[in-house]
Amino acid sequence: MSKREIKKVAVLGSGVMGSGIAAHLANAGIPSYMMDIVPKELTEEEKAKGLTTSSPAFRNRFAATGKQKLLESRPALLYSAKDAKLITVGNFEDNFDWLKEVDWIIEVVVENLKIKQELFKKVAAVRKPGTIVSSNTSGVSIEAMADGQPDEFKEHFLGTHFFNPVRYMKLLEIIPNKKTNREIVEFIADFGENVLGKGIVFGKDTPNFVANRVGVYGMMDAIRIMLEEGLTIDEVDKILGPALGRPKSAAFRTADIVGLDTFISVAGNVYNNAPGDEERNTFAIPDVLKKMLENKWLGDKTGGGFYKMIKKPEKQILSLDLKTLEYAPGQKVRYDSLKAVKDIEDVGERIKALVNSDDKAGKYAWRVLVDSLIYAANRIPEIADDIVNIDNGIKWGFNWSLGLFETWDAIGVKESVERMKKEGRKIPAIVEKVLTKGEGVFYKRSNGKVSYFDLKMEAYKELPQKSTMILLPSLKERNKIVKQNPGATLVDIGDGVICLEFHTKMNSVDDDIISMMNEGVNEVEKNFAGMVVSNHADSFSVGANLFLLMMESQQENWERINQIVKAFQDANMRLRYSAKPVVCAPFGMSLGGGCEIPMGADMIRAYGELYIGLVEVGVGIIPGGGGTKEMLLRGQAIAKAKGPFAPLQIAFETIAFAKVSTSAKEAMDMGILRASDKITLGRDRLIYDAKQDVLDLAKGYVRPTPREDIRVAGSGGRLVIEQTLEGFKLLKRISDHDETIGKKLAYVLSGGEAQPVRPVTEQYLLDLEREAFLSLCGMKKSQERMQHMLMTGKPLRN
């Protein structure tokens, strides 16, 4: 194992990518110097401020502007604005000596080979030997950039291609030059994966490397076929979106986000630098895109591209007609095939059904998909050595649900090849070998392990499973299930630890999950060292089963609701006061009941991308599973003022305004996560890290006891909140029902009829919480809010 460490980084360039990289380094707690060129002249504003060309504010303008923009960016690039202090701005003329202090230098300047070469000459003159240097280029030759540099520089030089936005895109492509030291490649891969939380793809020094080579081909091909078949932008995005296992942004909305100029530049790079590519002409820029470029219709950055939003006379999104180059309101897209596949949850089955459909949408999807399948297969070993790197590149760089070879397996290799041959298509060598020397699939599973067909070996090769990646499906295939029911499973993840996995729809909390929470504690206390609560879904849990709650409320089954809520409260208390440690590892959306479960654990090991909050007021109720009580206790931990009112105010504002964190660090600032909780940037190692936390806690673990010393603000504190609510209502900032919910919440948080001089117990607060929850469920306006949320997915203010 390398003894190298990355303690500080220099980022050369402060544009969108440079500032994004510096921000994500800050997310990981890594300080950086972000530098850029010195401006050529003073602006009028700078002159008015009395600045001169020697003023640091002038000389660092570009880097300072880049830092300011990342602070203003939405969605946020930083987990917490507090971490901006880890980014120090400077410039190439005054501060280049800073490079002597750093362990990694990342170049992120304009995509111009000559400019990059000149910059690297300056870098080589000041960097200390052994310092890693990399380029974030999306396609410029790594070998060419290193040309003329000494061997020691080349040995420590490589391409590290992050995808934009850096915080949110998982992919990091690593591209060595011919002399890059293998230890450097492995170190950066390990750092990228385990510190920055990235998914690593190893590419070769070819135009656009891996993901962009295949992904941009697919986009250019989709446009070509679209123009041939006369489809509209709206139709293409509907076909190439979730129906085909791709993001809602599909093709053209994605292009607007990326920017047409960037998209054309990337496509042109292949056309100009890959003369031997059999599909080179597909990368030729169509006249219609050239015209859009000429008109500066570049997408979001210029206010319009393939789509344009107008606000008057009413807000609406217009689509560009590529025949007339005129914008018009988007049209509803209706195809039988799209309607038929809409409710197919399995992505592979959905894609298979769509491409085998006989209408216009199905035929278009087939053509576009097959072209990309064949193109990707022909790129091995040109751009990468195996199908795994290509599949991961397209999944992590373009947010597809399945890689291209995974997709080929899903639609059936043998059946699809027969259809391709009937259409006169030439089948790539690797595909023929999968059929003749393999088992007719690119990937196969056996006893919880995955193997892929390797072209060089002409046989299946086991996909290495990292020790830091715990895959619950794999363990279940190996008979590691301890207990299960339709909504949840207990899985033995080794070393005396079990994992409680949810698998209801959107992991909404129901009787099955509550039952398995109790079963988990029972098993842990008898047979295991501790328990992790986590899963592999897109969201940890979106909260309670709202449909069930609404139906019970409308039927006035109050005793049944009381039983459900009491059972959920008790289950969360069992997590907290188990004889063995419980660590919850939430991620993504963790809302309502999905927030209360982590709050019930001994410790939270959160994924950096955590959107957690107590949002029940949006459906007319308050948190009833212990969240109201727990937020009060957490408010006590972070309140700066002494006395019981400050925690009440913190808890009230968090719950009443349905605050949801934009990251795990923000959740810590809000108090939902405690200072003792921990954050992991890599989703793939989240369960592993939580397991290690359990094992650490298990050493000398002392069973906690429920608190009986909770100080509450009493009627005085409640009166302050009630007066504030009445003021909000007079100003028409809240509705009558909002006021009712707020007063119920304030009653619970202030301790009901309890007096500040006498402490209360956790159970006392839980009983108040449940009573308020039940009373709100019985109100018509709360039921209307539940129904509206179920029908629209949006809160109702009635």
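1. Which residues form a positive surface patch? The patch is made up of Lys238, Lys332, Arg334 and Lys342, where a patch takes residues with over 30% relative accessible area and no salt bridge, like charges being joined within 9 Å. A salt bridge here is a side-chain nitrogen of Lys or Arg within 4 Å of a carboxyl oxygen of Asp or Glu, and accessible areas come from the Shrake-Rupley method with a 1.4 Å probe.

2. This is a predicted model, in which local features need pLDDT of at least 70 and side-chain atom pairs count only at pLDDT 80 or more, whereas totals for chains, interfaces and linings use all residues. Residues are numbered from 1 along each chain as its sequence is written, and side-chain values use heavy atoms, with hydrogens and water left out.

3. Lysine 332, one of the patch residues, sits in the loop between β11 and α14 (336–341); helices (H or I, at least four residues) and strands (E, at least two) are DSSP runs, numbered from the N terminus. Lysine 332 counts as exposed because its relative accessibility is 70%, the cut-off for exposed being over 50%.

4. Phenylalanine 209, although not a glycine, has a positive phi of about 60°, and it belongs to the loop between β8 (199–202) and α9 (211–229). Its relative accessible area is 0%, so phenylalanine 209 is buried, a term that means under 20%.

5. The peptide bond from arginine 74 to proline 75 is cis, with omega near 0°, and proline 75 is placed in the loop between α4 (61–72) and β3 (87–91).

Note on methods: Buried < 20%, exposed > 50% of the residue type's maximum accessible area, 1.4 Å probe, protein only. Patch = residues over 30% accessible without salt bridge, like charges linked within 9 Å, V, L, I, M, F, W, Y side chains within 5 Å. Lys, Arg positive; Asp, Glu negative; His and termini not counted. Charge placed at Lys NZ, Arg CZ, Asp CG, Glu CD.
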